[in-house]
Amino acid sequence: MDCYTANWNPLGDSAFYRKYELYSMDWDLKEELRDCLVAAAPYGGPIALLRNPWRKEKAASVRPVLDIYSASGMPLASLLWKSGPVVSLGWSAEEELLCVQEDGAVLVYGLHGDFRRHFSMGNEVLQNRVLDARIFHTEFGSGVAILTGAHRFTLSANVGDLKLRRMPEVPGLQSAPSCWTTLCQDRVAHILLAVGPDLYLLDHAACSSVTPPGLAPGVSSFLQMAVSFTYRHLALFTDTGYIWMGTASLKEKLCEFNCNIRAPPKQMVCTHEFLHEVPAASEEIFKIASMAPGALLLEAQKEYEKESQKADEYLREIQELGQLTQAVQQCIEAAGHEHQPDMQKSLLRAASFGKCFLDRFPPDSFVHMCQDLRVLNAVRDYHIGIPLTYSQYKQLTIQVLLDRLVLRRLYPLAIQICEYLRLPEVQGVSRILAHWACYKVQQKDVSDEDVARAINQKLGDTPGVSYSDIAARAYGCGRTELAIKLLEYEPRSGEQVPLLLKMKRSKLALSKAIESGDTDLVFTVLLHLKNELNRGDFFMTLRNQPMALSLYRQFCKHQELETLKDLYNQDDNHQELGSFHIRASYAAEERIEGRVAALQTAADAFYKAKNEFAAKATEDQMRLLRLQRRLEDELGGEFLDLSLHDTVTTLILGGHNKRAEQLARDFRIPDKRLWWLKLTALADLEDWEELEKFSKSKKSPIGYLPFVEICMKQHNKYEAKKYASRVGPEQKVKALLLVGDVAQAADVAIEHRSEAELSLVLSHCTGATDGATADKIQRARAQAQKNV
Amino acid sequence: MFTLKGNRLPAADVKNIIFFVRPRLELMDIIAENVLSEDRRGPTRDFHILFVPRRSLLCEQRLKDLGVLGSFIHREEYSLDLIPFDGDLLSMESEGAFKECYLEGDQTSLYHAAKGLMTLQALYGTIPQIFGKGECARQVANMMIRMKREFTGSQNLIFPVFDNLLLLDRNVDLLTPLATQLTYEGLIDEIYGIQNSYVKLPPEKFAPKKQGDGGKDLPTEAKKLQLNSAEELYAEIRDKNFNAVGSVLSKKAKIISAAFEERHNAKTVGEIKQFVSQLPHMQAARGSLANHTSIAELIKDVTTSEDFFDKLTVEQEFMSGIDTDKVNNYIEDCIAQKHSLIKVLRLVCLQSVCNSGLKQKVLDYYKREILQTYGYEHILTLHNLEKAGLLKPQTGGRNNYPTIRKTLRLWMDDVNEQNPTDISYVYSGYAPLSVRLAQLLSRPGWRSIEEVLRILPGPHFEERQPLPTGLQKKRQPGENRVTLIFFLGGVTFAEIAALRFLSQLEDGGTEYVIATTKLMNGTSWIEALMEKPF
């Protein structure tokens with residue numbers, strides 16, 4: 001190293017600028033740059049050149065040619081320009097090339113010259129043509145500003161979300177302004193323009209005149225203006241060769257100087273040289289005769305390598321001042337700002353050397369810097385051509401850098417970086433592979449099978465890879481079959497189904513949805529199919545998918561009853577049809593004849609279903625309904641929808657015993673139940689006389705205990721006792737206890753010699769009154785014991 | 001917090017309204033009605049909807065059709081699949097699950113069950129072995145395996161808490177819920193119905209016994225009590241046979257009064273202080289004892305009634321295989337006296353299940369009796385029961401139940417209610433089939449009962465979910481396995497009691513954690529299957 005600061009130029013008193021060559025450009029330019037429209041993307045992005053942009057001839061040989069190069073001059077794309085004349089080129093933040101045509105149309109191209117889309121800057125621009133255009137960057141994205149032939153400005157602050165804004169008129173502006181630029185302040189885009197000696201600031205509401213503070217007198221025209229990338233600083237070049245530099249807010253002057261050149265440059269391009277302010281850390285270390293701790297540490301390390309004792313002297317000097325930590329930090333930081341690996345290494349070596357003499361210096365900054373520099377050196381490589389500075393890299397973030405590598409189809413390098421930095425798979429490798437796959441599906445010369453297989457081989461079950469996203473891309477390229485093949489690898493049905501529906505593979509979507517078990521997904525496909533297919537086809541599809549069919553039936557039960565009937569009909573499901581008509585007979589029909597008719601249909605269906613029982617029961621119900629109607633007409637009162645049992649009960653309660661008997665016979669109510677029924681009804685009526693008559697009509701099929709029970713329930717002990725005597729021996733004790741005849745119950749129990757009955761009676765014995773009975777039982781028990 | 005109702009929302013001075021709903025279409029109609037009637041008056045409100053447990057495209061489409069989808073600022077899901085009810089009990093509380101799965105072919109609840117199991121695995125580690133019996137169990141296992149594939153990559157690195165998962169279809173064991181539960185908790189549920197771990201009881205027995213009160217103003221509002229194992233006494237008695245509860249309660253009463261008597265012995269300030277510090281605990285214990293004594297009295301009134309005894313006798317006859325093939329007198333009388341239809345249906349279904357279906361003549365007789373007595377409209381309910389397999393004609397003229405009963409030892413004559421030695425204590429003789437299956441799975445394994453497994457409906461299967469070597473368990477000698485048992489279609493408290501009994505067995509070797517679609521009993525089960533067309 002001859003003299004490290006040889007390429008430093010002072011700026012003012014306190015700052016230096018340095019300039020060094022990044023690449024010797026590889027391109028083979030036939031034209032001079034001044035004959036081309038040139039656009040270099042920020043952050044070490046690509047460079048676009050449009051040759052012969054101003055030729056109007058239509059001959060193919062002299063048509064404009066658009067070339068795209070990497071920052072190191074590697075050709076990325078070249079295409080013949082077949083559209084209209086281009087006024088301006090520029091790169092968006094997403095590294096898309098925006099070509100502003102004279103007619104106000106903006107054509108958007110990718111890094112590889114692939115046409116992406118186009119948009120128009122509006123009718124006003126179309127009518128008045130584009131005089132000049134600028135692409136600018138704001139925190140929201142990239143914008144386009146247009147100066148039209150009518151000397152009006154139109155701009156859009158974000159081409160991703162196109163909102164055109166026509167700026168207010170500049171009073172008295174008859175010709176094009178001598179120079180103009182876009183500014184971005186307080187998140188709003190403005191335009192600064194110069195008309196002769198006057199400066200105007202345009203915002204979306206108004207046009208105001210402005211004057212830079214401390215401007216030297218005698219300026220009759222501003223010829224050029226330039227604004228810094230951050231919109232913080234502004235430079236103005238006047239016809240007197242005077243340059244004013246200050247803040248972009250025009251509130252403060254920073255410096256001025258006279259360069260004695262009066263003609264403005266036609267276009268200023270800076271492509272392969274790198275000019276920047278020397279960062280503070282580097283300045284501290286490398287400034288001639290610097291005594292900063294970093295500088296001393298670097299010196300110490302060099303001496304140490306030479307095995308000179310001076311190393312110790314330097315080190316002591318730093319340590320005495322207690323600045324070793326600071327020295328190490330300076331060296332690490334300065335290494336970041338170095339472009340040459342050799343220089344980076346020697347600074348890092350110095351830092352590492354210094355670290356040895358420090359207790360507990362946190363290693364993170366050193367380790368991260370080494371990692372970052374390796375990444376940066378890799379992408380700065382000539383073949384890659386992304387000459388990012390350390391600060392730019394930090395601003396851009398690793399994620400964006402990876403995106404840019406992906407955009408350049410540098411998948412292997414991107415994956416290596418991910419692996420080197422040990423990024424989580426989902427953010428790192430998987431994402432890159434997914435991008436690779438999306439690119440792969442666009443290769444039209446490879447067969448569907450091969451692409452699908454190649455993708456699956458590489459991706460396998462890598463976590464975080466969405467096969468459906470890749471399939472969607474394939475579908476977007478018109479490769480439906482490939483998309484379907486790729487979807488086969490997608491394990492998440494929720495992702496498969498929507499795309500399959502979009503591709504009109506509804507039946508496949510249906511079987512995928514069913515496989516998943518997610519019923520909501522199945523419903524979604526079903527409703528889709530229902531709209532897409534005619535009814536017949538839809539039903540046929542359902543028929544082959546039992547799970548979908550039952551779900552759709554449930555849906556119809558709530559939403560479309562008629563469809564439900566059709567579905568049952570289609571399947572010859574007569575049993576369900578029967579139930580369907582029963583429901584209908586209750587729900588839909590008011591008139592009795594309507595109800596009976598619905599039931600008749602139900603009965604017919606049950607016969608077809610070979611459900612004899614249901615058919616007969618339904619016919620009985622039809623008979624009962626008609627009869628209940630007649631009863632209502634003849635006797636008044638309410639009978640409809642009572643059960644047969646309750647109808648008979650109601651008749652008895654109303655004193656229509658004859659009719660009740662008739663009904664019971666007609667519908668063959670079993671004897672036992674009829675006895676219970678009558679017993680209950682007569683007791684309810686407290687018609688004891690009729691009850692006794694009934695009890696004597698023939699031998700009770702239910703015995704006489706129920707008679708006792710029901711009388712006691714009505715608190716009629718007198719009647720109860722009548723029946724207790726008729727209760728059979730098995731239940732006699734129970735009956736006697738019910739009517740409270742404990743003594744007799746005891747006698748019967750003793751007679752029966754039943755231990756269970758004895759203890760039952762005993763449990764009913766109450767102290768005072770039944771003492772004798774209790775004793776009697778105890779004696780009987782003792783007797784029984786003896787006998788055993 | 002309000003329950004969802006039609007028409008206008010209740011008046012409340014609030015800006016934001018959040019709907020928590022199950023994703024069901026009927027509910028969407030109600031919500032739309034709410035929102036539409038809201039817009040017409042007063043200040044505008046912000047609406048949000050949270051679907052439990054999952055968002056549904058179908059429901060959102062419905063809201064869109066009704067023109068209110070745009071009114072919702074947030075449409076999210078609250079993935080509450082399994083709700084913890086106790087330390088060892090989780091339920092989805094999905095009432096319709098059994099009907100949907102077995103009657104309507106709608107597997108939505110199975111999907112949610114699988115999702116719930118995935119969540120559980122995400123929290124407590126991958127369960128290395130899955131066993132199952134039944135069609136629905138198979139479906140859930142399939143979905144789980146499928147969902148696991150969807151999560152590939154996100155390796156679960158949690159050490160597994162559960163060793164096994166056992167998925168059981170309710171229709172493998174239709175018998176158990178039909179029988180009357182005889183544990184303390186089971187009886188509370190049978191008689192009063194436990195809803196979301198709360199029970200409402202008649203207030204009379206809980207009236208504060210104050211002197212000079214004269215019992216004038218008895219409380220009229222039902223007494224609401226929370227029942228779970230956080231209450232020490234309840235934890236002790238909930239799973240006991242009811243006949244063993246009385247002695248525990250009187251023993252407790254003695255201990256507590258003895259503890260209160262201690263105060264007379266407290267002489268020094270230190271002793272008094274110690275006594276006072278125990279007071280809150282003692283008072284809580286006394287309150288708890290008073291409550292459970294009252295509940296036990298209420299239950300005893302029922303269990304000592306003649307009708308309860310008769311019903312139990314019939315049930316036990318059926319379960320032990322006596323006279324299952326002819327019309328039963330008691331059931332006949334119940335119908336003739338118009339006892340509750342659900343009671344009758346439970347008994348008829350029990351008889352049908354214990355006889356592998358009824359003879360056509362017997363079945364038709366019961367059906368006819370039911371329709372004539374309770375009304376023709378119940379024909380739809382009968383159809384449902386037949387579809388679910390609860391009620392059916394015997395086919396092939398063969399009754400498989402005795403084989404199942406003998407092989408699985410479902411009926412135990414020598415049951416000890418006080419100090420049980422077998423799970424059959426929970427039904428005083430009948431050992432719940434479902435729990436017997438779980439017991440036999442853990443020891444000696446299902447291979448020993450292949451024949452019975454083939455008789456029971458649906459496939460039985462085993463799946464393994466391989467674990468990375470680092471997560472494989474090295475079992476200490478004497479360490480219990482933990483089995484998560486999932487009842488698809490519902491579980492009863494008696495079954496839970498039986499499983500807890502197995503967990504506590506000293507040489508049992510297996511501890512159970514229980515999950516289900518719904519905590520239920522025979523009554524709520526039959527009720528869910530009933531259909532009333534008007």
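This is a predicted model: local features need pLDDT of at least 70, side-chain atom pairs count only at pLDDT 80 or more; totals for chains, interfaces and linings use all residues.

Student: Why does Ser346(A) count as buried?

Tutor: The relative accessibility of Ser346(A) is 14%, and buried means under 20%, so Ser346(A) falls in the buried class.

Student: What makes Leu486(A) buried, and with which residues is Leu486(A) in contact?

Tutor: Leu486(A), which lies in helix 13 (residues 480–487) of chain A, has a relative accessible area of 0%, and because the limit for buried is under 20%, the label applies. Leaving aside neighbours within four places in sequence, the contacts of Leu486(A) include Val441(A), Ala452(A), Ile455(A) and Tyr467(A). For Tyr467(A), 19 residues from Leu486(A) along the chain, the separation of the two C-alpha atoms is 6.2 Å.

Student: Why is the pair of Tyr124(B) and Phe162(B) called edge-to-face?

Tutor: A pair of aromatic rings is described by the distance of the centres and the angle of the planes. The ring centres of Tyr124(B) and Phe162(B) are 6.3 Å apart, which is within the 6.5 Å required for a pair, and their planes stand at 75 degrees, which is over 60, so the pair is edge-to-face.

Student: Which parts of chain B does the pair of Tyr124(B) and Phe162(B) tie together?

Tutor: Tyr124(B) belongs to helix 4 (residues 108–124) of chain B, whereas Phe162(B) sits in the loop between helix 5 (135–150) and strand 7 (164–169) of chain B, so the pair ties together parts that are 38 residues apart in sequence.

Student: How do you know whether Tyr124(B) and Phe162(B) are buried or partly exposed?

Tutor: Tyr124(B) has a relative accessible area of 39%, and because this value lies between the 20% and 50% limits, Tyr124(B) is partly exposed. Phe162(B), at 7%, is under 20% and therefore buried.

Student: What makes the pair of Phe707(A) and Tyr723(A) tilted?

Tutor: The count of aromatic pairs over all chains comes to 27. For Phe707(A) and Tyr723(A) the distance is 5.0 Å centre to centre and the angle between the planes is 40 degrees; since stacked requires under 30 degrees and edge-to-face over 60, the angle leaves the class called tilted. Phe707(A) is in helix 27 (residues 705–713) of chain A and Tyr723(A) in helix 28 (residues 717–724) of chain A, 16 residues apart, and both Phe707(A) and Tyr723(A) are buried.

Student: Why is the contact of Glu515(A) with Arg146(B) called a salt bridge?

Tutor: The closest N and O atoms of Glu515(A) and Arg146(B) are 3.2 Å apart, and because the rule asks for a side-chain nitrogen of Lys or Arg within 4 Å of a carboxyl oxygen of Asp or Glu, the pair qualifies. Across the interface of chain A and chain B the rule finds 8 salt bridges.

Student: How much area do chain A and chain B bury between them?

Tutor: Chain A and chain B bury about 4,200 Å² between them, with 54% of it on carbon and sulfur atoms. Tyr586(A), Phe613(A) and Trp676(A) supply 16% of the area that chain A buries against chain B, more than any other three residues.

Notes. Residues are numbered from 1 along each chain as its sequence is written. Chains are lettered from A and ligands numbered from 1 in the order in which they are written. Side-chain values use heavy atoms; hydrogens and water are left out. Buried area is the accessible area (1.4 Å probe) that two parts lose on being put together, summed over both. Helices (H or I, at least four residues) and strands (E, at least two) are DSSP runs, numbered from the N terminus. Buried means under 20% relative accessible area, exposed over 50%, partly exposed in between (1.4 Å probe, protein chains only). Contact means heavy atoms within 4.5 Å. Rings of Phe, Tyr and Trp (its six-membered ring) pair if their centres lie within 6.5 Å; planes under 30 degrees apart count as stacked, over 60 as edge-to-face and the rest as tilted.
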